[in-house]
Structures are given as structure tokens and as C-alpha cells.
Amino acid sequence: MNELNLSEWISVIDQIKRLDEKYEGIMDVVVTGGEPLLRSDLEEILSYITRQKLRHMLLSSGEPISDDRITKLLESGLEKIRINLTSHKYVFNMQSLIMHIKNEVAKKINITKKFKDFGVKEVGGNIVLTSYYLDFLEEIVKLAYKSNLDWIEIHSVIKVGHGYINQKFIVPDPNDERTIQEKLKKLIEIYGEKFIQNYVDTDILYSRIPIPTNWGEVGLVIVPNGDIYPGSEATSIPLSKLGNIKNDSLIEIWFSNSLLNKIRSLSFLGEPCKSCEVKKLCRGGFRFNAYITKNDLFAPDPSCQLVKDYIGKS
């Protein structure tokens with residue numbers, strides 16, 4: 001993949017700034033990857049974002065980092081970072097899984113604490129609640145709290161990419177649903193909702209309700225080669241590519257792209273979604289599910305129980 005160079009990313013940031021001005025300063029820039037720390041010019045990119053007065057956050061997988069690099073990131077304007085405290089790399093090594101999980105979490109917590117100790121204003125952690133992290137959830141949160149992190153986000157497995165291919169290995173068993181709910185409730189009681197940011201919805205996790213489509217509502221994703229997509233999961237769907245930043249305008253795509261406007265208007269909905277009372281909540285469901293199972297970007301989301309019932313009656 002031919003990644004955008006520094007001058008091209010500067011041009012991207014200029015376009016984001018113009019879009020931000022149209023929305024009176026509500027835009028957030030999320031710098032993620034892959035692993036953004038692998039870019040040697042990351043400090044220059046963050047510095048330019050800072051000079052443009054755009055709110056931003058860095059998402060990292062928690063790779064080892066030197067003191068000098070953290071200092072340079074601070075000097076470039078880094079004020080907020082979230083590090084993923086979990087990893088899938090040991091999922092198939094069950095014999096030593098517990099040891100690997102504890103070592104990996106401890107390593108990532110130490111890296112996260114390092115950012116906090118060096119003076120980054122907001123430092124958070126992210127936990128993807130897979131089956132093999134469920135037993136360690138309280139231990140990870142306690143360690144993060146003692147390390148003075150500002151918040152912990154807890155997310156379900158999203159069944160896209162790695163999560164889709166390996167879901168039978170990493171999605172908690174449905175019999176664990178009550179355990180998940182009780183653990184999350186207790187953690188919020190102990191640490192509070194400000195520290196524990198819970199994004200786990202077991203109705204979605206176990207496909208009782210679909211993931212809402214937020215294309216055209218939340219933001220855009222620009223991948224390293226400049227291709228533009230309506231959401232992170234959309235990068236797995238070739239048909240959802242909206243353009244490339246080298247040739248296309250972010251503002252024109254956001255306001256005028258036919259795919260985004262079709263999703264926004266819900267004009268793509270067929271039955272039973274078209275007549276559904278909750279269509280404005282789920283917005284037709286997760287487009288990845290429709291594409292991967294039906295090879296149709298606009299098909300009803302087959303994970304929705306109402307869709308299943310409708311198909312069963314047909």
C-alpha cells in the first residue's frame with residue numbers, strides 16, 4: 001500500500017479544518033492505525049493538527065516507546081491518548097494463555113502509565129471483552145485504576161475482519177451473558193461511570209438487535225493510502241469506498257456523495273425494514289452483515305430478529 005506522505009496528510013488536515021469550520025468547531029480527529037507510532041513523522045502530523053486547533057486523540061496498540069519519543073509527542077501537542085490493553089495474538093496458544101494475558105496487560109499498563117507520568121493530560125485504556133479476557137476483567141480494571149489512568153473503555157467484539165473470522169473463538173459464550181452484565185454493573189458501582197465507559201450491549205453481541213448504521217452521521221475514515229470510507233468496518237467492503245483524498249474533496253464527499261445520502265435518507269430500505277417502527281434507531285442495521293452474507297450492501301441486516309422472522313414467513 002502506498003501510504004500518504006507528510007505533505008499529503010497536511011493537505012488532509014487542511015480539508016478537515018475547512019469541514020470543521022462548517023460545523024462550528026465540533027470535529028474530532030482520531031489518529032489511529034494499524035499503529036500510528038510506527039510513522040516517524042507522527043510528531044509533525046500531530047503538531048500541524050494542534051496548530052489548526054483541531055481536537056484530536058491518538059489510538060495506539062501499546063507498542064514499546066522511548067522516553068524521548070513521548071517527550072517529542074508532548075511537544076507536538078499530544079493531550080489525549082487511548083491504548084488498547086488487550087490483544088488477540090495469543091488466542092490460539094491456549095496452553096500458556098493465562099501467562100501471556102497477564103504479561104501482555106502488565107506491559108501495556110506500564111506503557112500507558114508512562115504517558116501519564118510524562119504529563120499527557122488524558123490517558124485512557126481500551127478493553128475488548130473477548131471470551132479469554134472475561135475472567136481477568138476486574139484485575140485489568142483495578143490495575144488501570146491504580147496506575148492513575150483517566151478512563152477505561154470496555155467494548156464488545158465487533159464481528160468484522162479478525163472478529164468475524166474468529167468469532168467462535170473470541171466471542172463470549174451466550175451462557176456468560178449474565179456474568180458479563182453483573183461484572184460490568186459491579187465495576188461501575190466501584191469506579192463510577194466516568195472511569196468505566198461501558199460500550200457492551202449484549203443484545204447486539206448476541207444478535208438480538210442489529211448494530212445501527214452510522215454512515216453519514218458520525219464521520220469518515222481515511223486509510224493510509226488516502227482511500228475514504230464511511231466507517232471503520234466499511235474498509236472491509238470494497239463497494240463502500242467513497243473516493244481518495246488525493247483526488248476528491250472531503251467536503252464534497254460529506255455533503256454530496258450518493259452512497260452517504262442514500263444511507264442518510266434510508267431510501268435504500270426494503271421490507272421488512274421499510275415498514276419497521278424502529279428503523280430510525282437501527283437505520284437498517286449493520287451494512288457489513290448485509291454485504292458479507294448477501295453480497296448486497298443494501299440488503300436487510302440478517303442479524304436482526306425481525307428480519308429473521310420475516311424471512312421465515314416468506
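Which residues of helix H13 (residues 287–294) are buried? They are Arg-287, Phe-288, Asn-289, Ala-290 and Tyr-291. Buried here means under 20% relative accessible area, with exposed over 50% and partly exposed in between (1.4 Å probe, protein chains only). Helices (H or I, at least four residues) and strands (E, at least two) are DSSP runs, numbered from the N terminus. Just past H13 comes Asn-295, with a positive phi of about 55°.

A word on the model itself. This is a predicted model, where local features need pLDDT of at least 70 and side-chain atom pairs count only at pLDDT 80 or more, while totals for chains, interfaces and linings use all residues. Residues are numbered from 1 along each chain as its sequence is written, and side-chain values use heavy atoms, leaving out hydrogens and water.

Now for helix H2. Its buried residues are Leu-42, Glu-43, Ile-45, Leu-46, Tyr-48 and Ile-49. They pack against helix H1 (6–22), E1, E2 and helix H3 (67–75), where contact means heavy atoms within 4.5 Å. After H2 you'll meet Lys-53, which has a positive phi near 60°.

On a 1 Å grid over the protein atoms alone, a pocket is an open set of points with protein on both sides within 12 Å along at least five of seven lines, a cavity is a set where a 1.4 Å probe fits but cannot get out, and lining residues have an atom within 4 Å of a point. Of its 13 lining residues, Asp-28, Arg-55, His-56, Met-57 and Lys-80 come closest to the centre. E2 gives the most to the lining, with 3 residues. By kind, the lining has 4 nonpolar, 3 polar and 6 charged residues.

Next, some strand pairs (two strands pair if DSSP finds at least two bridges between them):

| Strands | Sense | Bridges | Residues facing each other |
|---|---|---|---|
| E3 (residues 80–84) and E4 (residues 122–128) | parallel | 5 bridges | Ile-83 and Gly-125 |
| E4 and E5 (residues 151–155) | parallel | 5 bridges | Gly-125 and Ile-152 |
| E7 and E8 (residues 227–229) | antiparallel | 2 bridges | Val-221 and Tyr-229 |

E4 is mostly covered, with 6 of its 7 residues buried. E5 is largely enclosed by the rest of the structure, because 4 of its 5 residues are buried.

E7 and E8 belong to an open antiparallel sheet of 3 strands, in the order E7-E8-E9. Strand E7 (221–222) and strand E9 (243–244) are at the edges with a single partner strand each, so one side of each has no neighbour in the sheet.

Finally, the core. A nonpolar core is a set of buried Ala, Val, Leu, Ile, Met, Phe, Trp, Tyr and Cys residues joined through side-chain atoms within 4.5 Å. The largest one has 83 residues, and Phe-115 and Ile-154 touch the most other members. Not counting residues up to four places away in sequence, Ile-154 touches residues including Ile-127, Leu-129, Leu-137 and Tyr-199.

Notes:
Nonpolar A, V, L, I, M, F, W, Y, C, P; charged D, E, K, R; others polar.
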